[in-house]
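This report looks at aromatic rings and a few side-chain contacts. Please view the sequence and the structure before reading on.

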Amino acid sequence: MALNKSSGLTLDDFKKILSNHPSDKNDIFEKAAEDFYKADRKYNVNGVFLASIGIHESAWGTSKISVDKKNLFGYGAYDSSPYESSYDFEDYREGIETLSKSMAKYYLNEDFEGLPTKIKEELKIMCVLFTE
């Protein structure tokens, strides 16, 4: 699956993928399935990839940043002050929307325009690994 295109999955597919996972102790990803689906369609960014970033970055929604700030991605966090610098969102949907918009605009455009060469190369590798 390409990362800079909709997954082509249905809402039911997203619900199946993100439901009943034992690590999703608070059902955050199960409840957000529709938000990932909508972001997939609206921004042409693979919603399964977006969910996998959130799962990894938030330890299935259990990290302090994800619980306190509704930020599944650590969006805005700097290594020197991750909690203080990360964005606060009103709800998980807002964070999913923000990351999707940012990924579409800055990271997953056709040629990774405007990014430093090192980041371009890392993203190209990530795209290959995700599609295998």
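Which residue lies over the face of tyrosine 83? Lysine 69 does, at 4.5 Å from the ring centre; a charge counts as over a ring if NZ of Lys or CZ of Arg is within 6 Å of the ring centre and within 35 degrees of the ring normal.

The model is predicted, so local features need pLDDT of at least 70 and side-chain atom pairs pLDDT 80 or more, while totals for chains, interfaces and linings use all residues. Residues are numbered from 1 along each chain as its sequence is written, and side-chain values use heavy atoms, without hydrogens and water.

There are six aromatic pairs in the structure. Rings of Phe, Tyr and Trp (its six-membered ring) pair if their centres lie within 6.5 Å; planes under 30 degrees apart are stacked, over 60 edge-to-face, and the rest tilted. Two of the pairs involve phenylalanine 89:

| Pair | Ring centres | Planes | Class |
|---|---|---|---|
| Tyrosine 75 and phenylalanine 89 | 6.4 Å apart | 50 degrees | tilted |
| Tyrosine 87 and phenylalanine 89 | 6.1 Å apart | 35 degrees | tilted |

Phenylalanine 89 is buried (under 20% relative accessible area, with a 1.4 Å probe and protein chains only; exposed is over 50%, partly exposed in between), at 8%. Tyrosine 87 is partly exposed, at 42%. Elsewhere, ring pairs join Phe29, Phe36 and Trp60 into a cluster.

Glutamate 97 contacts Lys42 and Tyr43, leaving aside neighbours within four places in sequence; contact means heavy atoms within 4.5 Å.
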